[in-house]
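This report is meant for a reader who is meeting this structure for the first time. Please look over the sequence and the model shown here before reading on.

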Amino acid sequence: MAYSIPESFINELHERADIVAVIGSRVALKKGGKDFLGLCPFHEEKTPSFSVSPTKNLYYCFGCGAGGGAIKFLQEFEGLSFVEAVESLAASMGMEVPRQQSRTPGRDLKPLFDAMGAAESYFKSQLRASSQAKDYLQGRGLTGLMARDFNLGFAPNSWSGLRETLVGGSHPIQPNVLVEAGLVSRNDESGREYDRFRERIMFPVRDSRGRIVAFGGRLIGDGDGPKYMNSPETPIFHKSRELYGLFEARKSVRALKSLIVVEGYMDVIALAQAGIRNVVAALGTATGEEHYRKLYSLADEVICCFDGDAAGRRAAEKALDSALGYLSGGRRLRFMFLPDGEDPDTLVRGHGADDFRRRIGTATPAIEYLFAELTGGLDLTALDDRARLADLAAPYVQRAPSGSPLQQVMRSRLRELTGVGGADTRPTPAPAPPSQRRQGRSRDRLPQQLLSLLLKSPSFAAKLDPADVDLLANRQDSPLFAEVVRYVATHADADAAQLLGRWSGQDGHTELLQLYGRQSDLDREDLPGNFWGGLEQLRELAGRQQRSELLRERLAEYDGKQPSARVPS
């Protein structure tokens with residue numbers, strides 16, 4: 001059975017949360033009038049534009065537009081899902097999160113998490129008892145402190161040691177759960193079950209809440225199988241979303257400014273041991289769009305470490321393709337190519353942390369790398385090669401965030417090299433007459449203007465007549481406005497914090513934040529006059545539209561009653 005968090009509890013959480021305390025424990029804030037000011041944690045800045053309002057229980061950055069309530073802040077700052085942020089905030093306030101039955105069928109995943117936790121305890125106990133495993137880790141230069149921090153373990157060379165221990169323990173795990181969690185494999189023909197991981201150093205993979213969702217295993221003996229083996233995809237593990245070491249990096253570094261992406265588990269741990277803690281690794285797959293979405297929710301810069309060979313170049317191309325859509329708002333992507341025969345583990349152990357940091361500092365910006373690769377082998381004095389470069393670069397220019405400075409820079413660079421700007425080639429519609437443009441702008445702006453006023457004073461909705469509620473809540477040209485009206489009409493005591501919290505993590509939240517950010521101009525306006533005046537304009541527009549539709553229907557009826565022309569025979 002699936003459960004959801006009652007909306008009433010989320011509203012109560014917003015009301016009771018001390019947003020200054022929540023944000024102040026993570027960002028340095030100073031009193032500035034009635035609000036608190038600080039440097040925005042979501043983009044780089046030298047002068048504070050990040051404001052926290054204790055009276056409105058909201059934060060807003062006038063530099064990058066980030067804003068919302070305490071739940072939204074935890075989502076963005078900690079990289080949590082909406083439910084995780086609610087649970088984290090509630091726990092910090094000593095509140096228990098209630099659950100209500102959802103109409104969506106689901107299942108309880110707790111047995112899978114319990115199985116993974118029990119497996120971690122088993123693997124850690126086996127590591128303490130295995131001289132072979134400890135000798136291997138010491139030979140790789142790993143300290144006991146790092147083994148403890150990353151909760152390393154060992155899977156002995158046994159076909160059923162884990163299964164027998166977990167099934168027959170004081171808190172037995174059902175065999176089917178072990179199979180579904182990817183800890184035990186089952187032969188489809190014989191039905192025989194056996195431990196998936198054997199004779200391997202075990203690396204637990206944690207989600208954003210620190211729960212173990214998967215394991216990676218490194219073979220250390222002469223056993224069969226690949227050198228590295230990962231858990232299969234399960235209901236709690238999707239390799240396209242998770243990154244090894246991300247939980248540990250966030251735990252060690254209070255405010256991540258950059259994240260380094262490497263290939264292996266030991267690379268992450270070796271760099272952490274050298275004092276470089278902002279390191280993560282993909283889990284047996286190339287970093288994809290979901291990975292970069294998560295990475296850029298936590299840091300503005302990502303540095304990918306690749307081999308310097310052809311495979312590394314192909315990996316860089318895939319990384320750029322996956323990350324390009326997220327490179328806005330000051331976010332950056334850089335590539336560090338490793339010397340032949342080196343990986344981050346051997347490099348930092350052989351040359352030290354300072355050398356590795358120097359190499360990171362000189363990593364190549366991804367867009368510079370892109371144009372260097374695209375122009376390789378081309379003669380840009382030849383028209384054909386310049387045309388070819390324009391064709392090669394066009395997909396990347398189009399994938400960059402639309403209208404972003406990055407897209408503008410890419411077009412400018414392409415223009416310098418080819419004389420072709422890489423602009424959007426879609427046909428531009430003919431401009432409407434000035435009178436139509438003015439009328440259209442006025443009509444399109446009106447719902448947004450009313451929504452801004454409604455955010456400023458949601459109590460207006462309590463004074464609406466039922467006919468006005470129907471009028472506003474059924475506007476097809478502004479569905480977000482219609483949704484907000486329906487909500488405030490049934491929640492008379494709602495305020496701006498509740499409205500922003502209600503849409504947190506959903507479509508429309510960004511638009512509401514933008515409208516809320518414009519409210520400093522509305523403070524000087526006659527709010528009631530503007531709202532009721534705007535409503536009257538909307539009534540008038542609706543009346544005109546209704547009369548026009550009625551006229552068209554009558555004309556159609558009249559045309560249908562006219563006798564059809566007959567062709568003389």
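## Overall make-up

The accessible surface of the protein comes to about 29800 Å², of which 49% belongs to carbon and sulfur atoms; such areas come from the Shrake-Rupley method with a 1.4 Å probe, and for residues only the protein chains shown count as cover. This is a predicted model, in which local features need pLDDT of at least 70 and side-chain atom pairs count only at pLDDT 80 or more, while totals for chains, interfaces and linings use all residues. Residues are numbered from 1 along each chain as its sequence is written, and side-chain values use heavy atoms, with hydrogens and water left out.

The secondary structure comes to 25 helices and 18 strands, where helices (H or I, at least four residues) and strands (E, at least two) are DSSP runs numbered from the N terminus. Of the 569 residues in the protein, 45% are buried, a word that here means under 20% relative accessible area, with exposed meaning over 50% and partly exposed in between (1.4 Å probe, protein chains only). Contact means heavy atoms within 4.5 Å, and among contacts between residues at least 6 apart in sequence, 65% join residues at least 24 apart.

## Strand β16 and its partners

Strand β16 (residues 301–307) is largely enclosed by the rest of the structure, because six of its seven residues are buried. Two strands pair if DSSP finds at least two bridges between them, and β16 is joined in parallel to strand β14 (residues 258–262) by four bridges, with Ile303 of β16 as the bridge partner of Ile260.

Strand β17 (residues 332–338) also pairs with β16 in the parallel sense, over seven bridges, and Phe306 stands opposite Phe337 in β17. From β16 the chain passes through helix α13 (residues 310–323) to β17 in a right-handed β-α-β crossover, which means that, with the strands pointing away from the viewer, the path from the first strand over the helix to the second runs clockwise.

## An antiparallel sheet

Strand β12 (residues 212–219) is joined to β13 by three bridges, and Gly216 stands opposite Asn230 in β13.

His43 lies in the loop between β3 (35–38) and β4 (50–53), and counts as buried because its relative accessibility is 15%. Its side chain makes a polar contact with the side chain of Glu45 (3.3 Å); such a contact is a pair of N or O atoms within 3.5 Å, where within protein one must be able to donate a hydrogen and the other to accept it, and residues adjacent in sequence count only if both atoms are side-chain atoms. Not counting residues up to four places away in sequence, His43 touches Ser49, Cys61, Gly63, Cys64, Asp300 and Gly329.

Most residues other than glycine have a negative phi. Asn57, however, has a positive phi of about 60 degrees; this residue sits in the loop between β4 and β5 (58–61) and is buried, with a relative accessible area of 11%. Asn151 has a positive phi of about 55 degrees, lies in the loop between α7 (144–149) and β8, and is buried at 17% relative accessibility.
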